[in-house]
Amino acid sequence: MATTITLADLFPCDDGTVLIARDAVNGSRRHISEVANGLRCGCVCFGCGRDLIARNGGDISLRRHSFAHRPDELSANCATAGETALHILGKEIIARHGRVTLPETWMTDMDGRRRPVTTRQSIVLTDVRLESAEGDLIPDIVAIGPDGRKLFIEIRNTHGCPPEKLEKLRSMDVDVLEIDVSSYRAHALDDLDEVILDLAPRMVIQSAALRAMATRIADERAARGETRQTDGSARIDVYRDRQMQHSPRAAELADEMIALGFADYMDLDDMQPSAFRVPRRQWQAAVLYRLGVTVYPDKVGAVAMLERLRERKWPKRELDFMSSDDTNWIAKHIAPDFKSAYEEVASYLRLLQRAGVVHEDLAGRFYMSQAERDTISKAARERSRPTVRRQELDDALEEIRDLMVPGDEGWVDADAWLDDRAGELGTTVANLLQQDDGRFDHLMGTLKTIRTSIMMMQRFQQDEPPEDLAGLPLESLFLRLQIARFDAQERAEKERDHNLRREAEDRVSEALQAANWVVSDPITWLDTVRPDSGGKTPRELAADSLDESNGVIIVSARAAADRRSCPLCNRMSDRVHSRYVRKIADLPCAGTRVQLRLSARRFICEMTFCRRRIFVERFGELVVPERSRRTARLDTVVHHLGLALGGRPAAAFAKRLMIPVSNDTLIRAVRRRSAASDDALSVVGVDDWAFRRNHRYGTG
């Protein structure tokens, strides 16, 4: 069975032994394992043609089988047998197929861009020859291309063409192709056809097309050199043009950076030439500001920084988007101090890095130290504070406006309203939005209170609007909400009265059914006055039994006066808008809870300029306090119980007195009536501890 010969077998092993030789008769490749021992192998060297001796007898574990040159004192041992065998193999493959694939070729132009020369293509070859001398060179393979030009093909196994060979090739008008087969050493020789023809990496070292493209690029470079001087002089004039545009906001930012102590890192001379339309100090202040607001691990490079300046249209158009080659040429041949917009930003960042203001990472991006970033961030917050606060005000006004309906009054102009509010607070709009004196917080708190009040009144959880409406036209809105609440309460009262009448009728009907079993004439009995019932008939007793249901005595009451004064303007009014019932707890009677059902009237204030359109009558703080669910005398008892017994004990004792209140209610009653002490503190106890248990204690 024939041994498979790989590409690696063609070359000597690490110990110098040769495994492949050429048959002396037919020129085929023979492996050491396929031939007879000694000179009977009939093989010669690929490189020098000398006879070889096969050393393949004996134990292979003791000596590796290999070929060796026949001893000859006149000839040195051959060292190129493997290379010659590879070249012969390549010639055979290319000659047999008559073609080879050329790779895509390109050249780099003056702007650093790839300019294609030829595409990847398979070409037909003729007159393929092996190691034919061409002047001082002996190429591996020589062939004729389809255009009639000579093509030198170099087969690369370990090393490419040496420099001296490349130099000689450049002086010859030939095309040169190098095919690299070093990564295919494990492939069998019978499988190398497609590798050498198409698959193996290859490179066109030189060709007529590459020479033509190089000539064209050289001509373009020469033409550009002629215009470079003119363009460079024009750009120098633009660079030294001292007509600057002054941005008020940028000037203010520069002053802030100077005030923060960055003056040593800024060019304060506005007359220096620049690649920007604004003075140096202004765009440098913008760079410092950008570095200050960039939070680590985020970083900023020169390109990203220049993009931010381009958004403001600060770079001069003629000096922006310049290539480094043009910039360096102008600086070298015309003006040493010339810089493009990018070069100025990059130079300034490097200056800050050398001064220790910023730090640079391996990717050429910059970031500022924490202390200096905090300083600039604080200034940035102060700069943006008016904008942020104005947005907060606009959002708060919009939230209030969203709660209005089309029927409410018109809305205010935000600028005029803010100017009026600033005047009411004794300041200007600028100071209101900038300074931290509490006035802005007060205004925002007022707007928040207004919005909360509207939402609470929409849910019928609040009766009255806030005292301060912050100059907003909300009177009709709050009047509508109050009327809606009153209407809802009236509907609830009517429904309750209807339910009470129906319950009374049901009790009378039950009494009538019960009387049918006892008396002969139940109708007459129901309408007969009973002397033991306080002069009431059974029908009246059944209808009024609700007044003492569930162990509660219910007392109905109302105010005797026909007129009441408005709590806001003190004008008397007798126009009643509506009524509702307040349920007030009172002191128990004979061990039974007592509840006052106090009919309260709503009056209409007739004062034109009074903001309180509708008000509820008051009954006096000594009788029924405002918004209270207990009478004043019951609240006094609750207060004293809380003072005497505390929370839970007082709640338990109050329950036995038929005054059901919780421990939290008792504590709130005590706190509500307690006055703040004006006496100076002499001792403050913070904590107690024991130096030694049961012996010595300390207080801090």
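Helix α10 (residues 370-402) gives the most to a patch of negative charge, contributing four residues. The model is predicted. Across the whole structure, a search finds 38 salt bridges.

**Negative surface patch**
- The patch lies on the surface and gathers E392, D395, E398, D402 and D441.
- E398 is one of the residues of helix α10.

- D109 pairs with R113 in a salt bridge, and the closest N and O atoms are 3.7 Å apart.
- D109 has a relative accessible area of 9% and is therefore buried, the cut-off being under 20%.
- Salt bridges link D109, R113, R115 and E220 in a network.

**Salt bridge between R612 and E467**
- R612 and E467 form a salt bridge in which the closest N and O atoms are 3.7 Å apart.
- R612 sits in the loop between β22 (592-604) and β23 (614-616), while E467 sits in the loop between α13 (439-458) and α14 (475-515), so the pair ties together parts that are 145 residues apart in sequence.
- The two partners fall into separate accessibility classes: R612 is buried, at a relative accessible area of 9%, whereas E467 is exposed, at 51%.

**Salt bridge between R575 and E606**
- R575 forms a salt bridge with E606, with the closest N and O atoms 3.8 Å apart.
- This pair links distant parts of the chain, 31 residues apart: R575 is in the loop between β20 (572-573) and β21 (576-589), and E606 is in the loop between β22 and β23.
- R575 is partly exposed, with a relative accessible area of 42%.
- E606 is also partly exposed, with a relative accessible area of 37%.

**Surroundings of E178**
- E178 belongs to strand β13, which spans residues 175-180.
- Leaving aside residues up to four places away in sequence, E178 touches E154, R156, G160, C161, P201, R202, M203 and I205.

Definitions and conventions:
Residues numbered from 1 in each chain as written. Predicted model: local features only at pLDDT ≥ 70, side-chain atom pairs only at ≥ 80, totals over all residues. Heavy atoms only, no water. Helix = DSSP H or I, 4+ residues; strand = E, 2+ residues; numbered from the N terminus. Contact = heavy atoms within 4.5 Å. Patch = residues over 30% accessible without salt bridge, like charges linked within 9 Å, V, L, I, M, F, W, Y side chains within 5 Å. Areas by Shrake-Rupley, 256 points an atom, 1.4 Å probe, with all protein chains shown as cover. Salt bridge = Lys/Arg side-chain N within 4 Å of Asp/Glu carboxyl O. Lys, Arg positive; Asp, Glu negative; His and termini not counted. Charge placed at Lys NZ, Arg CZ, Asp CG, Glu CD. Buried < 20%, exposed > 50% of the residue type's maximum accessible area, 1.4 Å probe, protein only.
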